Amino acid sequence: MSTAPRLTALDAVHRALGATMTDFAGWDMPLRYASERDEHNAVRTKAGLFDLSHMGEITVSGPEAVDFLNFALVGNIGSIGVGRARYTMIVAEDGGILDDLIVYRLGEPDAPEYMVVANASNAQNVLNELSNRAEEFDVEVRDDREAYALLAVQGPESPGILKSLTDADLDGLKYYAGLPGTVAGVAALIARTGYTGEDGFELFVSPGDAEKLWGALMEAGTPVGMVPAGLSCRDTLRLEAGMPLYGHELTAGLTPFDAGLGRVVKFEKTSHSDSFLGRAALAAAAERAETAPPRKLVGLIAEGRRVPRAGFPVVADGKVIGEVTSGAPSPTLGKPIAMAYVDAEHATPGTEGVGVDIRGTHEPYEVVALPFYKRQK
Amino acid sequence: MSNPQQLRYSKEHEWLSATEDGVATVGITEHAANALGDVVFAQLPEVGDTVTAGESCGELESTKSVSDLYAPVTGEIVAANQDVVDDPSLVNSAPFEGGWLFKVRIDGEPDDLLSADEYTAFTAG
């Protein structure tokens, strides 16, 4: 079996920049270009440019696209307006999360078309699931992973950088919305989405246009402090913003209700039927969550300097009360932080006596509400 | 990156200075610092500790991982670099200078320490 990693359309650019590359979900991706802390801080204060071409795009179109997506996903897809986007999930029959997704509604009312964006590590599975679930519907599920490169400009300077390169109405483009336009002469789906906690844009373009767009963005962004940014800082940025990551906060062993994201499940849908795959299990999970609260996802801030990592036990009074799902030194807070699932009785912010077992030593941690960081608007 | 000629190197990516009165300074190489990423926490051996060549004597924590710090030689620790404990990024910014980690009075050293050229070849391979 060939295991050669896939290369993005920007591979030569990353190598020319001297990026440290890493294998990520079968793709050779830039981890960092120089210092990941500098890249993190640039996104918080100026801007960062990411190559996210490993994300998995799947286009769903056809007369029954809405009914199909309402059946296949947990959200109410019918209520997404044209040009808007929604965070949702796909679950298994038992309610376990298969992936978290962003669905963009692209088509006009008479020609329904949606783009489903899956995590790189789950894209093939999501594609398979959607294809299987589509059998009873008049829809086309199209694998568009090869059709798009994805560049993201994130940070407070990103609107200004993009405005210098496009005539698109960015001021009219709300958070979680997307519109087709032209950026630096390149046809793009311009979406105001991201995974950093900052204002920013994600630009879906043809792979053949990716280098040209990258070059134009760097030329426009460098004078205002934009830097290329890798996956390492993307992880610390999303962690500070309290955003879940599949494989860490979200797994097939958890339902959306167990993950504290029950709000994405819509039992009533705007289509001919309210039935959807996983409904019975999720209804039971919703009831369980009411009567016997599951472990809660909380934030932990270190009092010391040792860094908690995924899988480390959370402890109180010498007993294990939870588990770290993501942890890293936070450049913004200047302290190690973590997300962790902990027993409900220890989940209240300010709960005393909570620690993390770091290679045998119980280091004290403060329990806080998520997110750790929220941008000032 | 270039590895200073006057130093010797271990295969665990520590460098060792020439000895003065039997005491050598130890740090990690630029190659290792780059591989770690931003170092955010350093647990160094303490003065008076005895360290053994090839065995773990501390930890270096970076954004993404924690790595053991190995002793390139056997001996007694006579100094630990408090500047690095206070500002671990020195390991990245000046691995061969201000980012040194500890000084050790050498009791014994392994016979597989590398010259600068040998270490350069080792990390290239």
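**What the labels rest on**

Author: Let's start with a label from a record: for Lys64(B), UniProt lists "modified residue: N6-lipoyllysine" in an unreviewed entry. UniProt positions follow the numbering used here, feature names are shortened, and annotations may be inferred rather than shown by experiment. Bear in mind that this is a predicted model: local features need pLDDT of at least 70, side-chain atom pairs count only at pLDDT 80 or more, and totals for chains, interfaces and linings use all residues. Residues are numbered from 1 along each chain as its sequence is written, chains are lettered from A and ligands numbered from 1 in the order in which they are written, and side-chain values use heavy atoms, with hydrogens and water left out.

Reader: Why does Lys64(B) count as partly exposed?

Author: Its relative accessibility is 42%. Buried means under 20% relative accessible area and exposed means over 50%, with partly exposed in between (1.4 Å probe, protein chains only). So 42% lands in the middle class.

Reader: Where in chain B is Lys64(B) found, and which residues does Lys64(B) touch?

Author: Lys64(B) is in the loop between β6 and β7 (66-70) of chain B. Strands (E, at least two residues) and helices (H or I, at least four) are DSSP runs, numbered from the N terminus. Leaving out residues up to four places away in sequence, Lys64(B) touches Ser232(A), Asp235(A) and Arg309(A); contact means heavy atoms within 4.5 Å.

Reader: How many residues does each chain bring to the contact?

Author: Chain B brings 20 residues and chain A brings 14 residues. Together they bury about 1,400 Å², 39% of it on carbon and sulfur atoms. Buried area is the accessible area (1.4 Å probe) that two parts lose on being put together, summed over both. In chain B, Asp38(B), Thr63(B) and Lys64(B) lose the most area to chain A, together 39% of what that side buries.

Reader: What makes Asp38(B) and Arg37(A) a salt bridge?

Author: The rule wants a side-chain nitrogen of Lys or Arg within 4 Å of a carboxyl oxygen of Asp or Glu. Here the closest N and O atoms are 3.9 Å apart, so the pair passes. Across the interface the rule finds five salt bridges.

Reader: Which element of chain B gives the most to the side that touches chain A?

Author: That's β4(B), with four residues. The residues on that side of chain B divide into eight nonpolar, seven polar and five charged. For the sorting, Ala, Val, Leu, Ile, Met, Phe, Trp, Tyr, Cys and Pro are nonpolar, Asp, Glu, Lys and Arg are charged, and the others, Gly among them, are polar.

Reader: Why is Thr236(A) called buried?

Author: Thr236(A) has a relative accessible area of 4%, so it falls under the cut-off for buried. Thr236(A) lies in helix α7 (residues 231-240) of chain A, and the residues it touches include Thr63(B).

Reader: Is Glu202(A) buried or exposed?

Author: Buried, because its relative accessible area is 7%. Glu202(A) lies in strand β13 (residues 200-205) of chain A, and an unreviewed UniProt entry has it under "binding site".
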